[in-house]
Amino acid sequence: MALVACALAPSGYGQNGPSFALRITVQDAHHQPVVGADCLLTSAASAKVSVVKTISDSQGIASLTNLQSGSYTLTVMKEGFESLTRTDILIGQEPETEIAIVLAIAAVTEHVTITTPGEAATSVAAGSNTPAGNLKRDSLRTLPLALARVDEALPLIPGVVRSTKGELSIKGASEQQSALLVNGVNANDPSTGNFRLNLPIDSVEAVQVFQHPYTGEYGKFIGGLTRVETRRGTEKWHFELNDFLPDFRFKNGKLVGVAEDTPRLNFNGPLIKDHLYLSQSAAYSIAKRPVRGLPFPVNETKTESQSYFSQIDTILSSHHTQTFTFGYFPERDQFVGLDFFTPQSVTPNYGQRDFSFSGRDHYELHKGLLESAFSFRRFDARVWGQGSEDQTFTPTIEQGNYFATSDRRSSRLELLEVYTAPPFEFLGGSHEVKGGFDFNDVRDHLQYDAHPVRIVGANGALIETIEFGSRPSRRLRAKNNTYSAFLQDRWSLKPNLNIDLGLRYEDQRIANETNLVPRAGFAWSPTHSDRTVVRGGIGLFYDKVPLNIRGFSRYPRRTVTRYAPDGQTIVEQIQFTNVLVNSKPVAPLDFRHSDRQAGFVPLNLTWNIQLDQSISRGISFRANFVNSSTRHIYIVNPELDFNGTSAIVLRSAGNATYRALELTARFTVKKDDAIYVSYVRSRARGDLNDFNTYFGDLGSPIIRPNQYANLPFDVPHRIIGWGKISLPSRSTISPIFEWRSGFPFSVRDVAQNFVGVRNADATRFPRFLSVDAELAKEFQITKKYGVRLSILGFNLTNHFNPRDVRANTADPQFRQFFASYRRYFTGGFDILF
């Protein structure tokens, strides 16, 4: 809800003499009215102002009367939209001046969609910080997504890729290196940095993805930023019951249970009219998903989750509102990472239980907006195997049980204050200034244990063993306090030129490091028209420090024993100490307290240049070139001689680069229907031994020397097209087309050592091609009730898209690709109240 009060007029407002009127029509990118938008009108000739409030009505119209002639600056604001400022408003040439305003983010209504760069408003007033894409609730209902989750649709956005492990990569960075904000506050797991985007989809109003936000407001990431806004109660009560019918599982023509069931309930509306609103969502999911390459019934993973989210909005006055949210999200996954090489007995199980509570206060203060927020989040996670046998690696398959068990509890307490000042004139232009302060207290308790790992040859002879010391007698504990402050200014020099300036201060106590982070961006129209806008910018970004690295020296030590070809004679035995060091240590380290050594915080430099072009009313285009360079990434490396001892060394010494050219077009078919096509040419390279690969929740036990090469989610070429088209009789069809280069993979030998360059261009999966579609039709049963039936088809061309490759040189079928998902169909059933 918009919280700034706001129409301002010059000192002559309301005086006797000729008076004029201003009629403002506020619309979104779909040309739908924006209801409840606040307007700020200031005189370009007088420093003294008086206050009058006007808000756009149900038609998106706001009117101001009794204005004197002159030049004015108009600012339109609405939460969930980019504020827009125009400095060229002339009053007095006609009795009533009419202007149309298009806000940069799509309207917040019952039916919402994903928007892409080509769809967002190309106005100069939107500044340099336009999102790479906006995800809205209705897209999850109309697009053919395998899972009805918010993060499933993010890879439709240019610059976002889902890796073979299911993790999201934004701007060439791992999920742990990106930031997740829910209602403006941090929602990353403080222990690992992972996304915990487990909100019910019906509680989500909008999701935005930014690759390069150059204002100072955002920090603690070196990849991308995902910003989620949740759904408030509506003016009338609304109920939805979705996907309550299960999908049954059939084998050889016989019913063998439920394959998937994902019922979702949402209801929202006013508890007290015009003052108190409730939005309540609940979702339950149980899914048994088959994995290609394995026989039934040992080919299934099982996920069971619950998701509860409540939001209460209070309107205390026209100048003061508050929002409170509560969430609880338990989940249990069995047979995580199941594939041909890792059968059920070797896979781990994963359980998590998250809790969140937050409060936000918006108060109009001195004609500006003061936003206060507090948030508490708790993240519980547990990993355990199917048994206690040694995990065994062979050239063809893994055996035994997963080697590690962990039980951790982490928490985040955050306090946030942000003030947005009213626009003012200075140095020949209009300024929109925002400043704020953010405090985070994060804590982590971890219990970690591991049992032996064995590497054997094709003949069963022992090649290597990895044995771990006893687990610590008490939990590994870590905490961190971070203090951040920022100041930013959007400076409108001319109607066709905006400059964004930002400065951010970050103090991460756990790293003994404070940083000043400058950023700058611009938006310029060479034609003095919003049909063509050039944007760009440059900025520094510092990452967060995950808490799991601070207890690294207290993880169980490992002893590596290597054997002769007979599998019995010991060739060497090495005990590795776990050491956390500076990337540039200046003195010998005390191994007993090596976790206290300061480390560099990962640092990223990003710049981009972007062209937004409206070709016609129905066609828009965006071209964007992004360059990103990162250093001081946390990597681990086995070293035989580290200050006279053998050690697994954790340093902030890794590097990564990402370059991409993104071309996106939007073709409007009808008013609410559009087709989007994107092509991305990119390259993502970096050091491969990142910390979470080996010591995250689902770490790998075998650590080999680090290499700098293609990153696992490097995709040089990618084309993706999608959209929605309305058909007669309240029917729609929503296709998704994707073609891309295959992901790279690494080759190993019989001893599980890497062969040649890891993730080389010569070792990639075949090109990926998929066509998915959903056909849906709505039926009105009564005046109040309706149903929506849908059928979803996946991989309609039945293209060979293998999931697995035999990548061990000792495997008789070396370099064989297999386990492709065939064409398959499923259905949906929703009840609409």
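Analyst: Start with Asp 714, which counts as buried because its relative accessibility is 0%. Buried means under 20% relative accessible area, exposed means over 50%, and partly exposed lies in between (1.4 Å probe, protein chains only).

A word on the basis. The model is predicted, so local features need pLDDT of at least 70 and side-chain atom pairs count only at pLDDT 80 or more, while totals for chains, interfaces and linings use all residues. Residues are numbered from 1 along each chain as its sequence is written, and side-chain values use heavy atoms, leaving out hydrogens and water.

Now the partner. Asp 714 forms a salt bridge with Arg 683, and their closest N and O atoms are 3.0 Å apart. Asp 714 lies in the loop between β42 (708–710) and β43 (717–727), while Arg 683 is in strand β41, so the pair ties together parts that are 31 residues apart in sequence. A salt bridge here is a side-chain nitrogen of Lys or Arg within 4 Å of a carboxyl oxygen of Asp or Glu. Side chains of opposite charge can pair when their charged atoms come close. Arg 683 counts as partly exposed because its relative accessibility is 27%.

Strands are DSSP runs of E with at least two residues, and helices are runs of H or I with at least four; both are numbered from the N terminus. Strand β41 covers residues 674–687 and pairs with β40 in the antiparallel sense, over 13 bridges. Two strands pair if DSSP finds at least two bridges between them. In this pairing, Phe 667 stands opposite Ile 675 in β41. A hairpin of five residues joins β40 to β41.

Move on to β40, which spans residues 645–668. Strand β39 (residues 619–642) runs antiparallel to β40, joined by 21 bridges. Here Ile 633 stands opposite Gly 654 in β40. β39 and β40 also form a hairpin, with two residues between them. Asn 643, in that turn, has a positive phi of about 50°. Strand β37 (residues 570–580) runs parallel to β40, and four bridges join them. Asn 578 stands opposite Ile 648 in β40. In a regular strand the side chains alternate between the two faces of the sheet.

Now compare other charged pairs. A search of the whole structure finds 31 salt bridges. One of them links Asp 202 to Arg 264, with the closest N and O atoms 2.9 Å apart. Asp 202 is in the loop between β13 (185–186) and β14 (204–210) and Arg 264 is in strand β19 (residues 264–272), so parts 62 residues apart in sequence are tied together. Asp 202 and Arg 264 are both buried.

Another pair is Glu 778 and Arg 730, whose closest N and O atoms are 3.1 Å apart. Glu 778 is in strand β45 (residues 768–780) and Arg 730 is in the loop between β43 and β44 (731–740), 48 residues away. Glu 778 counts as partly exposed at 25% relative accessibility. Arg 730 also counts as partly exposed, at 46%. Salt bridges that share partners join Glu 464, Arg 562, Glu 572 and Arg 704 into one network.

Last, the setting. The protein has 49 strands and two helices. Of its 833 residues, 59% count as buried.
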